[in-house]
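This report describes selected strands and their pairing. The sequence and the structure are shown first.

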Amino acid sequence: MKIQEVIALVKRTKDLVENQELAEHIKVKGPADYVTQVDIGIQNFLKEELSRLAPQIQFLGEETGLQELTGDSFWILDPIDGTTNLIHGYLHSTVSLGLCQQGEIVMGIVYDPFREEVFWAEKGKGSFLNDKPIQVSKSASLSKTIIGVGTTPYQRELAEENFKCFHRVFMRCQDIRRTGSAAMELAYTACGRQGGYFEACLQPWDYAAGLLLVQEAGGLVTDFFGRPTDPRKAGSVVATNGLLHKELLELLKREPS
Ligand code: IPD
Ligand code: CA
Ligand code: CA
């Protein structure tokens with residue numbers, strides 16, 4: 001299976017993402033947490049097509065929830081990362097697909113259908129935006145870069161701690177950003193549009209693909225305590241160009257959980 005075949009499949013979701021009618025069919029999953037018929041439609045489409053392309057690979061999608069996977073190899077899909085944006089016509093949503101093998105992400109694709117941007121990476125082969133190689137930014141100081149933040153919107157009990165961190169980071173960097181798509185934040189870190197990004201409590205489908213994009217573009221991804229992330233598990237994520245990592249981690253210090 002070639003990554004270009006997988007990218008071609010992912011790009012076929014464009015019509016679904018842009019289907020306003022489907023986006024208006026909304027179900028509430030939890031506080032401020034929604035799913036639309038676009039999310040469900042994309043997940044069903046990619047699950048089916050991926051099993052045709054590579055029947056031996058298992059499938060984990062956000063809308064099926066975390067489940068016990070027995071095989072060594074499985075797709076991790078977020079059919080729409082940025083569902084709240086999609087509902088409001090705020091054009092920042094991505095389709096995020098990672099391939100996990102023996103606990104490692106070996107293929108990652110983040111597709112932004114609104115800008116026709118496909119960010120993709122294969123382990124050991126670099127990261128790309130459409131057909132061009134990408135690299136993380138060269139900034140060695142927070143004062144010279146933008147930092148993306150994530151608000152962990154489904155766990156409001158973390159808001160006080162999170163916003164204290166945002167304040168500390170904001171006072172040190174050029175400015176902060178919040179796109180509403182974790183996968184997009186990671187892709188923008190990989191291509192150097194921002195020096196880094198962090199968010200508490202992401203799920204595997206939010207960051208599996210983006211993790212590889214950042215690593216293959218020369219960056220570093222850890223949890224808030226500088227430990228390696230396990231893309232099969234939920235947890236905090238800090239992604240930077242590597243040069244900014246220590247400075248950013250200092251500002252995110254909290255009690256280990
Ligand atoms: C969410 C988005 C958001 C991030 C949340 C994620 P969803 O994913 O990535 O930017 O802050 O932590 O859960 O629910 O839109 O797939
Ligand atoms: Ca998500
Ligand atoms: Ca989602």
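Because six of the six residues of S7 (residues 117-122) are buried, the strand is largely enclosed by the rest of the structure. Strands are DSSP runs (E, at least two residues) and helices likewise (H or I, at least four), numbered from the N terminus.

## Basis of the model

The model is predicted: local features need pLDDT of at least 70, side-chain atom pairs count only at pLDDT 80 or more, and totals for chains, interfaces and linings use all residues. Residues are numbered from 1 along each chain as its sequence is written, chains are lettered from A and ligands numbered from 1 in the order in which they are written, and side-chain values use heavy atoms, leaving out hydrogens and water.

S7 pairs (at least two DSSP bridges) in the antiparallel sense with strand S6 (residues 104-112) over six bridges. Asp112 stands opposite Glu117. Four residues separate S6 and S7 in their hairpin, where Glu116 in the turn has a positive phi of about 50°.

Strand S8 (residues 127-129) is also antiparallel to S7, over three bridges, with Trp120 opposite Phe128. Their hairpin has four residues between the strands, and Gly124 takes a positive phi near 80°.

## The five-stranded sheet

An open sheet of mixed pairing has the order S11-S10-S12-S14-S13. Its edge strands are S11 (175-177) and S13 (220-222). Within the sheet, S10 (residues 146-149) and S12 (residues 196-202) pair in the parallel sense over three bridges, and Gly148 stands opposite Tyr197.

Conventions
Buried means under 20% relative accessible area, exposed over 50%, partly exposed in between (1.4 Å probe, protein chains only).
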